Amino acid sequence: MSGAHTSGTTHTSGFSHQKYRPFAPIQLKNRTWPDQVISQAPHWCSVDLRDGNQALLEPMTVSQKQALYQLLVEVGFKEIEIGFPAASQPDYDFVRWLIEENQIPEDVTVQVLVQAREHLIEKTFEALQGVKRAVVHVYNSTSTVQREKVFKQDKDGIKAIAVQGAKWVQEYASRYPETEWTFEYSPESFTGTEIDYAVEVANAVIDVWQPTPENKAIINLPSTVEMATPNVFADQIEWFCNHVDRRDSINISVHTHNDRGCAVAAAELAVMAGADRVEGTLMGNGERTGNMDIITMAMNLYSQGIDPQLDLADMNKIVRVYKEATQMPVHPRHPYAGELVFTAFSGSHQDAIKKCLDQHNPADAWDIAYLPIDPADLGRNYQEVIRVNSQSGKGGVAYTLDLDYGIQLPRWMQIGFSSIVQKHAEKTSTVVDSAKIKALFDENYMTCSSPYTLDKYSIHRSESDVVTAEIHEGQDIKTITGQGNGAVSAFTHALSSFIGLDIDVQEFHEHALEHGSESKAIAYIQTQINGQIVEASAIHQDILTASLSAVLNCLNKYLSTSVREQTQINS
C-alpha cells in the first residue's frame, strides 16, 4: 500500500531497552498523599559543603568553603551539613575552624556524615569537640544490589551493621555531654531497598537510640539513585511513615537525587506523603545529575504564597557566590536563578507582559502573563530582549561580533549592547555594518582608560588571595592592596578601598580571541558601583590582566558618566 510503513524503530547496536526491568511499585491501598497540599516549608538542610563538594571536579578551597558557608548562613539555613571530617583532612580542618573561630550562629546546627565504622565515628566526635549543637549522620547501604553484589551479606548482616553503628554513635556522644546531640540514620539507597526491610532496619536503629518527642532522631530516606516516578517515591514515604516505630519521636527526612530529572518533584510529593525535612543543595549541585535543588523547591513554595523560610531576595549574589565557590555554571534556563528566565524573546510574549504590567496594581496579588513571580522579588528586572532584524541593520549583533572578531558576548552584555545598536540604527536610519557594530562596542565598553590605567600587579595566594597593584592616574602612580576570594575579587576590594566607592562584581566572563600561544584574551565584567550597573571589557595577552583591566574600565566608565551628569546638572 502506498505510503504504508511498519511500526517500531530500528536501534543502533547496543541501544536496547530490553536489558532493563521496570521498577516495581509498592502496594499502597488508600494512599492519602494525593489529597494533601503543602502549606508550610519543611525543615531544610543544606548539604552543599559535603555532598555538593564531593561532586566537584576540584573540591572547594578553604576560602571557597568559607564563602559558601557564610552565604548559607545569610540565606537562612538552620541546618548545614559541613563535611565528612573522618574521611577528609580538609573537612576535619574546616569543622575545627568553624568551632574554634566561633563561626556557628546560635540558631544554626551543623551536621556531619559518617559511615557505620567505629574508628570513623570516633574521629567524627573528636572533630566536633566543643560544638554547642550538632547532628551526627550515620549511614550504611541497605539496597538489594548493594547487599548482594557489593557487601555480599544477607539482611541480618546489613541490619547488624546499622545497629552497631547506632550503638557506637550513642557511646561516643556520651563522652561529650556538653554538646546537644541529634542522631540521624540513613538506609542508603533507600529507593532500591525492600520497603518492609527498610522499616525493619530503621526500627532497629530507633530501638537503640530510644528517641522521644522532646529529643527526636532523624531518619533520612535517600533516593541515592532516582529509580522511579515521583509518585512511587511518595508511596514509599507514606508506607514508611505508617509503619515506622515512634513516629512522634522522629523527623522523617528525604534526600532526593536527580537521575530521572525529578528530584524536586519527588521531594515535594514526599512532603505531601509525610516527610518533615528535606536535604538538598543550591542549584542542585551533586553526584551524577545532581541533588534536589533547594532554590527551586523553596521558590516553588514562595510562588504559592508560602514562606520558604529562606531569604532568596538577592539571587544575583547567591548565583555569584555559588559559581565562585563551586566553579560550576548556572544554566541560563535554570528556574528562578537563570539569567534568561525572566526574559521574553517572543514578540507576543513581550506584548502580553507589557499589557499586564501596565494594568497591575501593586496592592493586588501578582497575576502577570508568562511571569509566575515578580522578578523584583529576587533582585531581578524584567528585560525585553529586542530581536533586531539583521537586514534592517538592527539584528545579528552577537553573531556578527563572534563571526568577524571572535567576540562572544555573554548574554547579560548582549542585552545592553543590542539596545545601543538599535538606537544607533533608529537614529541614522541606515544599515549597521560589521565595522560599525565593532566601533560601537569599542566606544561603549573598551575605550574607558581614563583616569586610571593598570601598570603592574602581584598576587599572594593563601586562604584568601591578596593583590597588590600599581595604577596610573595621569603621571602619578598609586599602589593599592586588597584581598578576596580570587584575584578579581581582591583587586575589586583594593579599588573600593582606594576610591571610596562600593564596587561589586556582578558578572564575569572571559575567553581566548584566537588559537595559539600568541593569542589574546578578552574579559567582560559587569559591576555594581554605588548601586549603578556598569559594564566594560578589556583585551590582553594575559587573561588575568584583561580581567583586572576590565574592572578598572568599569570604574573609569562610572567616573566619566558621573562627571558628564554633574556637568549637565550645573549647566
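Q: Which residues does UniProt give for the feature "domain: Pyruvate carboxyltransferase"?
A: This is a predicted model, in which local features need pLDDT of at least 70, side-chain atom pairs count only at pLDDT 80 or more, and totals for chains, interfaces and linings use all residues. Residues are numbered from 1 along each chain as its sequence is written, and side-chain values use heavy atoms, with hydrogens and water left out. UniProt positions follow the numbering used here, feature names are shortened, and annotations may be inferred rather than shown by experiment. The unreviewed entry places this feature at residues 42-316.

Q: How far apart are the end C-alpha atoms of residues 42-316?
A: Helices (H or I, at least four residues) and strands (E, at least two) are DSSP runs, numbered from the N terminus. By that count the span is 44% helix and 19% strand. The distance between its end C-alpha atoms is 24 Å.

Q: How many helices and strands does the protein chain have?
A: The C-alpha trace spans about 80 × 80 × 55 Å along its principal axes. The secondary structure comes to 17 helices and 14 strands.

Q: What share of the 571 residues of the protein chain is buried?
A: Buried means under 20% relative accessible area, exposed means over 50%, and partly exposed lies in between (1.4 Å probe, protein chains only). On this scale, the share of the 571 residues that counts as buried is 49%.

Q: Which residues does UniProt list for "binding site", and why can they be said to gather at one spot?
A: The four names come from an unreviewed UniProt entry. They span 241 residues in sequence, but no two of their C-alpha atoms are more than 10.9 Å apart, so they gather at one spot.

Q: Which residues does Asp51 contact, leaving aside neighbours within four places in sequence?
A: Asp51 sits in helix H1 (residues 48-54) and is buried, with a relative accessible area of 4%. Contact means heavy atoms within 4.5 Å. With sequence neighbours within four places left aside, the partners of Asp51 are Glu81, His255, His257, Gly286, Glu287 and Asn291.

Q: Which side chain makes a polar contact with the side chain of His255?
A: His255 belongs to strand S7 and is buried, at 5% relative accessible area. Beyond four places in sequence, its contacts include Asp51 and Asn291. A polar contact is a pair of N or O atoms within 3.5 Å; within protein, one must be able to donate a hydrogen and the other to accept it, and residues adjacent in sequence count only if both atoms are side-chain atoms. At 3.3 Å, the partner of the His255 side chain is that of His257.

Q: Which residue in strand S3 is the bridge partner of Glu79?
A: Two strands pair if DSSP finds at least two bridges between them. Strand S2 (residues 79-83), which holds Glu79, is joined to S3 by 4 bridges and runs parallel to it. In S3 the bridge partner of Glu79 is Thr109.

Q: Is Glu79 buried or exposed?
A: The side chain of Glu79 makes a polar contact with that of Arg277, at 2.7 Å. Contacts beyond four places in sequence include Trp44, Cys45 and Ser46. With a relative accessible area of 18%, Glu79 is buried.

Q: Which elements do the buried residues of H8 pack against?
A: H8 is mostly covered, with 11 of its 14 residues buried. Among them are Phe233, Ile237 and Trp239. The buried residues pack against helix H7 (195-209), strand S6 (217-223), strand S7 (250-256) and helix H9 (263-272).
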